[in-house]
Amino acid sequence: MTAGAPGPYGRFMRGRIVGAVVCLWGATACGDNLVGAPPDGFKPRVPTEVTPTVGYPDPPAGGEYGGNEGDVLPNMTFAGYLTSSPELGPVTGLEYKESITLEDVRQLEGYTHMLLTVAAEWCKPCREEAEILPELFDAWAKRGGYVLSVINQDRLYNTADKRAVDAWGKRYATNYTLTHDPEGWIANFLNPSTVPLNVVVDLETMTVLRSRVGEDRDTFRFFEQQLDQ
């Protein structure tokens, strides 16, 4: 990268600003949504039961697991591709796992904080984030930052499956953990009104430090600040 050239985050934000100006100037919907809720929201298909996990952080005394800022996330279980390092390359070349838990992530060495992203195939800003996240993860991992992405819905607003995850991973050469949510954890505990949803988590305590839905330019910066502390 030449001196003065913007990094991946800078290029991403420049594109977001230009896109927003074009949309406002044209006073139209601009095709693919910038931010918008699917018709039925993110509703769980099945109840999600929280069972105790040995070694996993407990919620505060008298409290419960949750997904709001200050809450301790439950030991969610997803399905997809788990990686320990961006150096392993695109995750779709790894073994597909039916069970990937947050405790699995906590057991990986060298990481202190996690960016949990929730995305959908129909979501334009989710796709734009996916284009830059591999390069960001490569830099963040050296500083203790981990990335786990959950593809929650496909292009038709149906619950995402392995096909959606495979297509996403191949399209964006995803090098961070990439999953879908067959058990409905995201709907039950994070319950986003739309996507993208970006959640910053302290991996030692599994406490949610920041949770933002929609296009929030500050969450990546906040994540980096946590890595510098």
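Reply: Some questions on side chains follow, with answers. This is a predicted model, in which local features need pLDDT of at least 70, side-chain atom pairs count only at pLDDT 80 or more, and totals for chains, interfaces and linings use all residues. Residues are numbered from 1 along each chain as its sequence is written, and side-chain values use heavy atoms, with hydrogens and water left out.

Me: How many aromatic pairs does a search of the whole structure find?

Reply: Rings of Phe, Tyr and Trp (its six-membered ring) pair if their centres lie within 6.5 Å; planes under 30 degrees apart count as stacked, over 60 as edge-to-face and the rest as tilted. By that rule, the number of aromatic pairs in the whole structure is 10.

Me: Why is the pair of W140 and F220 edge-to-face?

Reply: The ring centres of W140 and F220 are 5.5 Å apart. The pair is edge-to-face because the planes of W140 and F220 stand at 80°.

Me: What is the angle between the ring planes of W140 and F223?

Reply: The centres of these two rings, W140 and F223, are 4.8 Å apart. The pair is edge-to-face, since the planes are at 75°.

Me: Is W140 buried or exposed?

Reply: Buried means under 20% relative accessible area, exposed over 50%, partly exposed in between (1.4 Å probe, protein chains only). W140 has a relative accessible area of 1%, so W140 is buried.

Me: Which side chain makes a polar contact with the side chain of Q153?

Reply: A polar contact is a pair of N or O atoms within 3.5 Å; within protein, one must be able to donate a hydrogen and the other to accept it, and residues adjacent in sequence count only if both atoms are side-chain atoms. At 3.0 Å, the partner of Q153 is W122.
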